[in-house]
Amino acid sequence: MRLGGPRAAFVWGLGVAVYFTAITYRTGLGVAGIDAADRFHINASALSTFSILQLLVYAGMQIPVGLLVDRWGTRKVLLLGISLFTIGQFAFALSGSYAMALAARALLGCGDAMTFISVLRLGSNWFPPRRGPLIAQVAALFGMAGNLLTTLVLARLLAAFGWTPTFAGSAGLGVLVLVLVLLFLRDRPEGAGPAPASGPGPAREPGYVRRQLAEAWREPGTRLGMWVHFTTQFPGMVFLLLWGMPFLVEAQGRTRAEAGTLLTVVVLSNMAIGLVYGQVIARHHRARAPIALGTVLATAAVWAMVLCWPGRAPLWALVLLCVVLGACGPGSMIGFDFARPANPPERQGTASGIVNIGGFTASMATLLAVGVLLDATGDDYRIAFASVFVLQALGIAQILRLRGRAHRRERERVVASRVEAVHVPV
């Protein structure tokens, strides 16, 4: 059966709508951090715990979710994810205590964890492999549109209506996508390949989980993808998820409206750069590593400029920072472009889960480090954000170590597939 077409776009679009909703919920705290600190009477370290816990649950769920996607298929996993993050968002709206709010964010993180890997698998089921890099970047682009909704709409609703009406009202979006997925989403086109294992078969054999993980991890492309994701994603994630608004308002003296506009610049830059990266990598596969490393180095250079600026940085420098931070999300998607050709279709979910752990682990570590350093230094953002450079250095070292090995293995696979495709008459 021919992949692609309007039907594929519609079904994949439903999956992307789920991811869009999850991103909207995930990043809501990014514009509500100051309100949350006032509502729950907490300091910077306690505030960072919200995002750390959410990302801890998200990262911890990546391998289980990858295995579930390989075993159950995307539809069942997405339905479970929507249910969890919608309940979590509604509970967050009603939270009257810090403990209840933490539990709500953990539940939200669990549901959020089930979305992106499912969308990646849905794209590979409905579109031809050559379009994989572009499809993945476009999915991420629509996810960032959820972030745009947060910075443009949720922030204003929060200021106008307050905490509970804003977050409770936004939970209605989750109910809507739940109904749409239940009615219209299908795992794959009819006749396009085997359905996910639901009865006797490899997925039911003893040692299936251990074997899936071991075989995916054994591929250098999977490990390289994880480190690319680790190194590229976290500076932008930390800025948007929690610390960007306080940094711009408290350290740079910007108004909340100006800070919201600058956060919007990050999102718009992410969307524009994502389209460029997807097109370039789809046409020039060898550009993956140079683009990833270039993204990391540009991010480090601009962060260093802003943090070392005497006094408050000028507006143009903050705009440049936000534009460059917008490249972090598209840069992290390159990690999946290393893992995808390194693993067969039945292992794509597991490999994607391993890759996706990378950036969220780095984000958790940085969120915690920034919060602790702010409390320890009396809100010195220069020292706190210097923690970014430590993880970038670690990630670059690992990328350089694994790049050659992954490229050699990928060439071997291409040669082997070409040999198998040659028809030899008997």
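Student: Before we look at helix packing, what are the axes here, and how do the angles run?
Tutor: Axes are lines fitted to C-alpha atoms, for helices over the stretch in contact, and angles run from 0 to 180 degrees between N-to-C directions. Helices are DSSP runs (H or I, at least four residues), numbered from the N terminus. This is a predicted model, where local features need pLDDT of at least 70, side-chain atom pairs count only at pLDDT 80 or more, and totals for chains, interfaces and linings use all residues. Residues are numbered from 1 along each chain as its sequence is written, and side-chain values use heavy atoms, leaving out hydrogens and water.

Student: Great. At what angle do α14 and α15 cross?
Tutor: Roughly 145°, with the axes of helix α14 (residues 328-339) and helix α15 (residues 348-377) coming within 10 Å.

Student: And which residues make the contact?
Tutor: Gly335, Phe336 and Ala339 come from α14, and Ala351, Ser352, Val355 and Asn356 from α15; contact means heavy atoms within 4.5 Å.

Student: Switching topic, what does Trp303 touch?
Tutor: Leaving aside residues up to four places away in sequence, its partners include Phe239, Phe247, Leu321 and Phe385.

Student: How confident is the predictor overall, then?
Tutor: The chain's mean pLDDT (confidence in each residue, from 0 to 100) is 88, and 93% of its residues reach 70 or more.

Student: Where is pLDDT below 50?
Tutor: Over residues 419-426, a stretch with zero contacts in the model beyond near neighbours in sequence. Where pLDDT is low, the predicted coordinates should not be read in detail.

Terms used:
Helix = DSSP H or I, 4+ residues; strand = E, 2+ residues; numbered from the N terminus.
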